[in-house]
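Colleague: I would like to learn how to read a model like this one, feature by feature. Please give me the general idea each time, and then the case at hand.

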Amino acid sequence: AVKEKGDSAIIEFTEKFDKTKLTAKNLRVTPKEIKAAYKLVTGEQVDALKLMKSKLETLETQTLLQQPTKSIRDEITVETVLRPLESVGCYVPGGQAVYPSTLVMTATPAKVAGVSRIVVCSPPTEKGTINPLILVASDICGVDEVYKVGGIQAIAALAYGTETIKPVRKI
């Protein structure tokens with residue numbers, strides 16, 4: 001349905017499963033919403049997210065640097081060239097629990113690898129918002145786009161794209 005009907009299918013499923021009515025115009029989280037999210041979390045939570053990101057960034061950078069890139073055997077040289085994907089989608093579950101760690105653990109490796117477009121989808125609350133910790137984590141991790149879409153419809157939107165959500169190369 002998402003592949004065929006795009007945004008209208010996402011809006012329909014969001015109303016059915018997440019009990020909130022959105023429009024194509026408010027599927028994407030705005031910078032204003034992200035800024036407002038900082039007022040709803042504690043300084044301690046912000047610090048914890050920054051620390052988590054920093055530690056993971058260090059680990060992922062070390063892992064990337066340890067990748068073998070050249071092998072010579074029988075006068076034949078084989079070289080591995082690492083190139084980042086141009087886009088990835090990170091699905092962050094929501095509902096009864098909040099998982100900012102999922103966002104940090106998916107967006108940070110992508111950022112370290114040099115992915116130029118990182119998209120996050122997370123289900124909205126009944127009020128049509130995303131949990132502020134998810135929004136703050138997305139800002140801290142340098143995510144490019146955040147959408148109020150959950151469930152399988154979010155995965156389909158990331159895979160096939162819609163009028164609002166452009167497809168990504170990897171989810």
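Modeller: Let us begin with contact, which here means heavy atoms within 4.5 Å. This is a predicted model, in which local features need pLDDT of at least 70 and side-chain atom pairs count only at pLDDT 80 or more, while totals for chains, interfaces and linings use all residues. Residues are numbered from 1 along each chain as its sequence is written, and side-chain values use heavy atoms, with hydrogens and water left out.

Colleague: Of the contacts in the protein chain between residues at least 6 apart in sequence, what percentage join residues at least 24 apart?

Modeller: The share is 75% in the protein chain. The protein chain has seven helices and five strands, and along the sequence they follow the pattern α-α-α-α-β-β-β-α-β-α-β-α. Its C-alpha trace spans about 65 × 45 × 25 Å along the principal axes.

Colleague: How many of the 171 residues, as a percentage, count as buried?

Modeller: Buried means under 20% relative accessible area, exposed means over 50%, and partly exposed is the range in between, with a 1.4 Å probe and protein chains only. By that criterion, 39% of the 171 residues of the protein chain are buried.

Colleague: Which residues of helix H6 are buried?

Modeller: Helix H6, residues 132-140, is mostly covered, since eight of its nine residues are buried: Pro132, Leu133, Ile134, Leu135, Val136, Ala137, Ser138 and Ile140. The cover over these buried residues includes helix H3 (31-37), helix H4 (43-65), helix H5 (100-113), strand S4 (117-122) and strand S5 (145-148).

Colleague: What lies at the start of H6, and what comes just after H6?

Modeller: A polar contact is a pair of N or O atoms within 3.5 Å; within protein, one must be able to donate a hydrogen and the other to accept it, and residues adjacent in sequence count only if both atoms are side-chain atoms. At the start of H6, a side-chain oxygen of Asn131 comes to within 2.8 Å of the backbone nitrogen of Leu133, and just after H6, Gly142 takes a positive phi of about 75 degrees.

Colleague: How many residues does the largest nonpolar core have?

Modeller: In soluble globular proteins, nonpolar side chains tend to be buried together. A nonpolar core is a set of buried Ala, Val, Leu, Ile, Met, Phe, Trp, Tyr and Cys residues joined through side-chain atoms within 4.5 Å. The largest such core has 27 residues, and those with the most contacts inside it are Leu103, Ile118 and Val143. H3, H4, strand S3 (87-91), H5, S4 and H6 each supply at least two residues of this core, and the largest share, six residues, comes from H6. Apart from it lies another core, of 15 residues, among them Ala9, Leu22, Cys121 and Leu158.

Colleague: Which residues is Ile118 in contact with, leaving aside its neighbours within four places in sequence?

Modeller: With those neighbours set aside, the partners of Ile118 are Val88, Cys90, Ala107, Ala110, Lys111, Val143, Asp144 and Glu145.

Colleague: What is the relative accessible area of Thr106?

Modeller: Thr106, found in helix H5, has a relative accessible area of 32%, so Thr106 is partly exposed. Its side chain reaches the backbone oxygen of Leu103 at 3.2 Å.

Colleague: Where does Pro123 lie?

Modeller: Pro123 lies in the loop between S4 and H6, and it is buried because its relative accessible area is 14%. Leaving aside its neighbours within four places in sequence, the contacts of Pro123 include Asp18, Tyr91, Pro93, Thr129 and Val149.

Definitions and conventions: Helices (H or I, at least four residues) and strands (E, at least two) are DSSP runs, numbered from the N terminus.
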